[in-house]
Amino acid sequence: MSDLATFAGHVQEVVSDASRACVWKPEEHARYMAEMGDRRKQWDKVARHLIRAVVKPRLETVAKLFPNTVFPEEQLPHVLSCQFEYSERFSALTTIEFSVEHDIRFEKVILHTRTHIMPVFVRYNEQDNLLVPLGSVNDAEAADWIEERLLEFLDTYLRFDSMGETTSEQSAVDPVCGMLILRSAAAATESYYGHPYYFCSKDCQSKFEKDPTQYVQIRTM
């Protein structure tokens, strides 16, 4: 660590350098601004794609497991958030948000996530970033990062589950696709030989109805 006088000298050098007259030629300035404009358009295209094709389906996969979720009707094209409302089961108002941002020169894509919980009873990761060069954005890498953040979020959110050990009694396995779902959030239900079955989608229910024996075995006397 330098002494204060040395630091003051460094500060003066930075200020002096910033005060120098611009030495760019007009054509250089025009080229720089045109290149930045192109990068901005590219970033906007990438950001919209990531929100629509990578973030949205994964966030919806988590949200549909809980009946207390709400997606705001109006959202910016580079942002997607979901609110988990306060309920008897989950005694916290929770929001998770994903956004795609950029650096000052539009040379990097910044995937950002932010989680807000009120009231706070547990320690959790409030926000995180993934920084990727604009020309190197990869859907698979972005998806892996988003899925990791969502699994972290789930681990935190489920700590507010007032059902405790009874949670397993409120969940069921879709007999067609094998997905674990909350019974209260099932897209469809079906009774077969007096036993209820729960489905993640109408499509799974339809497949089950056509041939239940393909998915379950019932022993009768």
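Trainee: How many helices and strands does the protein have?

Mentor: This is a predicted model, and in it the protein has four helices and nine strands. Read along the sequence, they follow the pattern α-α-β-β-β-β-β-α-β-β-β-β-α.

Trainee: And what share of the residues is buried?

Mentor: Of the 221 residues in the protein, 33% are buried. As for contacts between residues at least 6 apart in sequence, 46% of them join residues that are at least 24 apart.

Trainee: Where does the kink in H2 lie?

Mentor: The kink is at Val55, shortly before the proline Pro57, and it amounts to about 40°.

Trainee: Is Val55 itself buried or exposed?

Mentor: Val55 is one of the buried residues of H2, a list that also includes Met36, Arg39, Trp43, Leu50, Val54 and Leu59.

Trainee: Changing topic, how many cavities of 30 Å³ or more does the structure hold?

Mentor: The structure holds one cavity of 30 Å³ or more, and about 60 Å³ of space lies in the largest cavity.

Trainee: Which residues line the largest cavity?

Mentor: Its lining consists of Leu50, Val109, Leu111, Leu130, Val132, Val137, Asn138, Glu141 and Ala142. The elements that each give two or more residues to this lining are E4, strand E5 (127–133) and H3. Leu50 of this lining is also among the buried residues of H2.

Trainee: What classes of residue make up that lining?

Mentor: By class, the lining of the largest cavity has seven nonpolar residues, one polar residue and one charged residue.

Trainee: Now the second largest pocket: how much space lies in it?

Mentor: About 180 Å³ of space lies in the second largest pocket, which is lined by 16 residues, with Thr115, Asn125, Arg149, Glu152 and Phe153 lying nearest its centre. The elements giving two or more residues to this lining are E4, E5 and H3.

Trainee: Which element gives the largest share of that lining?

Mentor: The largest share comes from H3, which provides five residues. By class, the lining of the second largest pocket has three nonpolar, five polar and eight charged residues.

Note on methods. Residues numbered from 1 in each chain as written. Predicted model: local features only at pLDDT ≥ 70, side-chain atom pairs only at ≥ 80, totals over all residues. Heavy atoms only, no water. Bend = angle between axes of the 7 residues up to and from the residue. Buried < 20%, exposed > 50% of the residue type's maximum accessible area, 1.4 Å probe, protein only. 1 Å grid on protein atoms, 1.4 Å probe; cavity = no way out; pocket = protein on both sides within 12 Å on 5 of 7 lines; lining within 4 Å. Points joined across faces, edges and corners; volume = space filled by probe spheres on them. Nonpolar A, V, L, I, M, F, W, Y, C, P; charged D, E, K, R; others polar. Contact = heavy atoms within 4.5 Å.
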